[in-house]
Amino acid sequence: MLIELRDITKVYRVGVETIHALRGVSLTIERNEMVAIMGSSGSGKSTLMNVLGCLDRPTAGHYKLTGKEVSRMGATELAHIRNEQIGFVFQSFELLSRQTALQNVELPLVYARGAGWRWGARRRRALEALDRVGLANRVTHRPNQLSGGQKQRVAIARAILNRPAILMADEPTGNLDSQTTLDILALFRQLHGDGQTIVIVTHEDEVAAHCQRVVRLRDGSIQSDLPIVSDTAGRFCEVVEARFRKPAARVEGAA
Amino acid sequence: MLSPLFYMQAIALALAQIWANKARSALTTLGIIVGVASVTAVIAALVGLKTKILTEFESFGANRVFIFPNRPDNAPRNLYPWEKIRLKTEEVEAIVAQCTTIKAITPVTDIGLSAESDKEQLDGLTVTGIWPDWHTIENRAVLSGRPFNRVDETNARQVCLLNDAAISELKLPMEPLGEHILLGGRRFLIIGVVETITSQMFGSSGNSAEIFIPFSVAAKLQPDEFFFMRFSALVKSPELAEETKSEIRFILRKSRGLVGDEPDTFQVEAIDQYIEQFKALAAGITAVAGGIVGISLLVGGIGIMNIMLVSVSERTREIGLRKAVGATPSAILMQFLLEAITLSLAGGFVGVAFGQLFAFGLSKLPDAQLDKAEVPTWAVLMSFGFCAVVGIVFGMFPAIKAARLDPIEALRHE
């Protein structure tokens, strides 16, 4: 089991108000799954992603990542976990504007433990990652010389550089047009085909449809957690939407 | 542990930041630039002044030591008769043999003698007996003729040197070399004319007649063997004056068999009080300059803290991203600290460059007596050291702020 969440709760305090962002979420994700986490704003999907991505600690509950309990780790340990086990892809790419594509991709290696002086090896790895996302010819370009899709590819190359256990994508296609969205989703599926575990947080059904499984959150709890059986992009949408419209029928459909 | 690559990239990034915000960085580091430039220039000026004054002291005898016979204070005369306290030729020879810090030494004795030339006869003229080394010690060369040499001394040759005042008082020709004069009834050959030095600072007036003869000759001319003599020595460098004084004191006490807390029967003095006074003055100026620099470094440091806070706030998203890809709080802290130090050191570098420029300008000023002004290496290193400290002290707060940012909040920051 790659990811095991048990009774995860997250409580924020904003002024005098207490917000229950997650109310006892239990979830397991196996190696090489491709999971979509969906939900409207305020459903707790961002909080869940932050917990899964080790950016945030749950208030209560247990989180085992590759068999290791991470829910009580300190900031430094979590940083190492993020560096070694998790690759992030964000809606707005988050590339460093003054650095080249290659330097952006190399960034996680700057903070890698025990990296030492092996520069040749790290450069090779960064070039390899850029090649995997199809940008071998854009190595020395800076973000302002790249299109939106290319920027997101650089970000994906950066995320997969350390061969993370999970690739976490937060609305990865939110800033892209529909053709580019399809290209990026195709890239995700290709990486998934190579054995990468991927978790995509999205509110778009078309995006979720490319996954194997959809976890839907509502008011801080899992509302549904269903596999997708079909394989064609067009049919996914229908299946997913139909299931969400009729909660009762969903369970049968899943079975 | 942070990897070497991390440090390389952090410094490269810091330099890139400074370069990308050239105007801002320049204004920020202005306080540091002004502070470092002014302290560098002041130190250069002080060093120049010190070199100049010490050189001057040296030419007049700052590195000279005088040795006199001296009866201890309040000591009964019968306990310390003159034979016991007077200086002896053996003692100057002992000093020559044993003292390691002197360059030259001479015994000096004054005798009142009658002097007679072809045209004039004078009574009670002071004639001084000296060793050849006296020329080195007094820094007085001969204007014409030759100085005394060893042969004059060992053979007790009846030769003499005199100054311009003596020439005119004895109504000798302007070029008296080869003339003879009678001193105490004996015939002396004039072999040279000695330069006259006028110095208000050290009180050797140049207007009186001076006649010099070899010390061995002067010793023979003394009425008795217990005549008065003093020693005059030249120290290798002014800083060694104290050491020389204690060396000579040790040698003389040993030769006189003085033990325990028996008082000295002689006195050793160096003209170093002027140097001490000047050094105190220089230290005072340095302290004032240091205070001014401290204030401008404080102002500069606050500027750096301010700009680093701006930088942290501007780059909050970047910090969030770096944390997301695995930067630990200490890595972020180190990165911003290195940036503050780099900024501060860059200011220090420009400041030192300006200081060098000022120092060069000072050394070229006419009449400023600062032609020896230069920035010593220790001042440059000290400036960089202070800048690094300012960078660390004032960069710490913004760096801690950056390190403590919550990655989620930081990534959401607009």
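Trainee: Which helix does Leu411(B) lie in?
Mentor: Leu411(B) lies in helix H15 of chain B, residues 407–412. Helices here are DSSP runs of H or I with at least four residues, strands are E runs of at least two, and both are numbered from the N terminus. One caution: this is a predicted model, where local features need pLDDT of at least 70, side-chain atom pairs count only at pLDDT 80 or more, and totals for chains, interfaces and linings use all residues. Residues are numbered from 1 along each chain as its sequence is written, and chains are lettered from A and ligands numbered from 1 in the order in which they are written.

Trainee: Is Leu411(B) buried or exposed?
Mentor: Leu411(B) is buried, because 23 other C-beta atoms lie within 10 Å. The cut-offs: 20 or more other C-beta atoms within 10 Å is buried, 12 or fewer is exposed, in between is partly exposed, with C-beta atoms placed from the backbone.

Trainee: What does Leu411(B) touch?
Mentor: Leaving out residues up to four places away in sequence, Leu411(B) touches Arg317(B), Gly320(B), Leu321(B) and Ala324(B). Touching means C-beta atoms, placed from the backbone, within 7 Å. As for Arg322(B), it is 89 residues from Leu411(B) in sequence and 9.7 Å away in space, C-alpha to C-alpha.

Trainee: And chain B overall? How many helices and strands?
Mentor: Chain B has 15 helices and 10 strands. Of its 414 residues, 39% count as buried. Take the contacts in chain B between residues at least 6 apart in sequence: 83% join residues at least 24 apart.

Trainee: Which strand pairs with S1(B) over 4 bridges?
Mentor: Strand S9 of chain B (230–235) pairs with S1(B) (64–69), in the antiparallel sense. Pairing needs at least two DSSP bridges between the strands. Phe66(B) stands opposite Ser232(B) in S9(B). S1(B) also pairs with strand S10 of chain B (266–270), antiparallel, over 5 bridges. There, Ile67(B) has Val268(B) as its bridge partner.

Trainee: Over to chain A. What's the strand order in the open sheet of 4 strands?
Mentor: S2-S1-S4-S5 in chain A, with antiparallel pairing. S2 (17–29) and S5 (68–69) are at the edges with a single partner strand each, so one side of each has no neighbour in the sheet. Strand S4 of chain A (60–65) is joined to S5(A) by 2 bridges. Lys68(A) in S5(A) is the bridge partner of Leu65(A).

Trainee: Now helices. At what angle do H3(A) and H5(A) pack?
Mentor: About 30°, with their axes 7 Å apart. H3(A) covers residues 101–110 and H5(A) covers 148–160. Axes are lines fitted to C-alpha atoms, for helices over the stretch in contact, and angles run from 0 to 180 degrees between N-to-C directions.

Trainee: Which residues make that contact?
Mentor: From H3(A), Ala101(A), Asn104(A), Val105(A), Leu107(A) and Pro108(A); from H5(A), Val154(A), Ala157(A) and Arg158(A).

Trainee: How many residues of H3(A) are buried?
Mentor: 9 of its 10, so H3(A) is mostly covered. Glu106(A) is one of the buried residues. The buried residues pack against H2, H4 (119–132) and H5 of chain A, together with H1 (4–20) of chain B.

Note on methods
Contact = placed C-beta atoms within 7 Å.
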